[in-house]
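Dear colleague,

I am handing over the structure that we talked about, and my notes on it follow below. Please read them with the model open beside you.

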Amino acid sequence: MSETLFRIGQIVPSSNTTMETEVPMFMNRYARQRGGVRFTFHSSRMRMKHVRKEELAAMDADSHRCAAELADAPIDVAGYACLVAIMAMGPGYHRTSEKTLSEIAVREGAGFPVVTSAGALVSELKREGFSKVSLLMPYADELAKTVVDYIEAEGIAVVDYKNFCVTDNQEVGRIPSERLMSALDDLRTDGADAVVLSACVQMPSIAALDLARARLGMPVTSTAECTSRVMLRSLGLDVHPMTSLEAAE
């Protein structure tokens, strides 16, 4: 049986160690389940070490260079793998970023769709009909509130959230699943349609999704899962409803 090859590009912070693990984990499982497709993964990096507004703004400007670099590959879709960098730029900025980076790709002669993690989270929550959510995230208080405000500006109510106040992005990537599971004990989920186990693409979460679903008895997703799902859909591939998918192996 012949396979269709898709090249998956990612624009990632230089200190991110999670998305180049979790996106392949999710997509390779999808390929095993579906058959007939195969993925390769390619990244360009933006410099960022600490999750602070000034570093996030400088990093976002660098995303333009990354889009041009990925166009040299070329790739079939690009994922901008930093939720908070987009949200820190103001309400609705994911639309501006996706348009700008897509235009750069076209200018470089290799047009491809661009998916931002911020836009993917919002669009997948809406697609699944989740209008009220509870969140876990690693950010300091000010940026955590920025994330809440951004999501609510998109018409999705945040019932409750817990943030871990971790600003060193390397440390964010080392937050263990046990800490997320423990935080669920103090997260208010009554009235929520779903829980976002990680409203951050650096805080690892995909391996814990099924555990959280079993504990809470309700839909649980993550930004990494949503980003992967939207990238697959942008390639014209079918994606099952979120609640029917198993956690990544």
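**What was found**

Lys145 counts as partly exposed, at 39% relative accessibility, where partly exposed covers the range between buried (under 20% relative accessible area) and exposed (over 50%), computed with a 1.4 Å probe on protein chains only. Before going further, please note that this is a predicted model, in which local features need pLDDT of at least 70 and side-chain atom pairs count only at pLDDT 80 or more, while totals for chains, interfaces and linings use all residues. Residues are numbered from 1 along each chain as its sequence is written, and side-chain values use heavy atoms, with hydrogens and water left out.

Lys145 sits in helix H6 (residues 141–153); helices (H or I, at least four residues) and strands (E, at least two) are DSSP runs, numbered from the N terminus.

**Core and cavities**

In soluble globular proteins, nonpolar side chains tend to be buried together. The largest nonpolar core here has 94 residues, of which Ile8, Phe39, Leu56, Tyr139 and Leu197 touch the most other members; such a core is a set of buried Ala, Val, Leu, Ile, Met, Phe, Trp, Tyr and Cys residues joined through side-chain atoms within 4.5 Å. The most is given to this core by helix H2 (residues 53–71), with seven residues. Leu56 is in contact (heavy atoms within 4.5 Å) with Met48, Val51, Cys82, Val84, Ala85, Ala88 and Leu143, once its neighbours within four places in sequence are left aside.

Rolling a probe the size of a water molecule over the atoms shows where empty space is left. Two cavities of 30 Å³ or more are found in the structure, a cavity being a set of points, on a 1 Å grid over the protein atoms alone, where a 1.4 Å probe fits but cannot get out, and its lining residues being those with an atom within 4 Å of a point. The largest cavity holds about 60 Å³ of space, with grid points joined across faces, edges and corners and the volume taken as the space filled by probe spheres set on the points. Among the residues that line the largest cavity are Met48, Val51, Cys82, Val84, Tyr139, Asn169 and Gln202. By class, this lining has nine nonpolar, three polar and no charged residues, where Ala, Val, Leu, Ile, Met, Phe, Trp, Tyr, Cys and Pro count as nonpolar, Asp, Glu, Lys and Arg as charged, and the others, Gly among them, as polar.

Ser15 lies in the loop between strand E1 (4–13) and helix H1 (19–34) and is buried, with a relative accessible area of 7%. Not counting residues up to four places away in sequence, Ser15 touches Met48, Lys49, Asn169, Gln170 and Gln202.

**Other buried positions**

Val133, in strand E5 (residues 132–137), is buried, with a relative accessible area of 0%. Beyond residues up to four places away in sequence, Val133 touches Leu125, Ile156, Ala157, Val158, Val159, Asp160, Ala192 and Ala194.

Helix H9 (residues 209–216) contains Arg213, and Ala212 is placed in helix H9 too. Ala212 counts as buried at 0% relative accessibility, and Arg213 is buried as well, with a relative accessible area of 15%. A polar atom of the Arg213 side chain lies 2.9 Å from the backbone oxygen of Val220, while Ala212, leaving aside its neighbours within four places in sequence, is in contact with Met181, Leu184, Leu197, Gly217 and Val220.

Thr227 lies in helix H10 (residues 223–234) and counts as buried at 1% relative accessibility. Thr227 and Glu124 are 103 residues apart in sequence, yet 8.5 Å apart in space, C-alpha to C-alpha.

**Backbone points to check by eye**

Ala73 and Pro74 are joined by a cis peptide bond, with omega about -15 degrees, and Pro74 is in the loop between H2 and strand E3 (77–80). Cys165, in the loop between strand E6 (157–163) and helix H7 (169–172), has a phi near 60 degrees, a positive value in a residue other than glycine. At 45% relative accessibility, Cys165 counts as partly exposed.

With best wishes

How values were computed:
On a 1 Å grid over the protein atoms alone, a cavity is a set of points where a 1.4 Å probe fits but cannot get out, and a pocket is an open set with protein on both sides within 12 Å along at least five of seven lines; lining residues have an atom within 4 Å of a point. A polar contact is a pair of N or O atoms within 3.5 Å; within protein, one must be able to donate a hydrogen and the other to accept it, and residues adjacent in sequence count only if both atoms are side-chain atoms.
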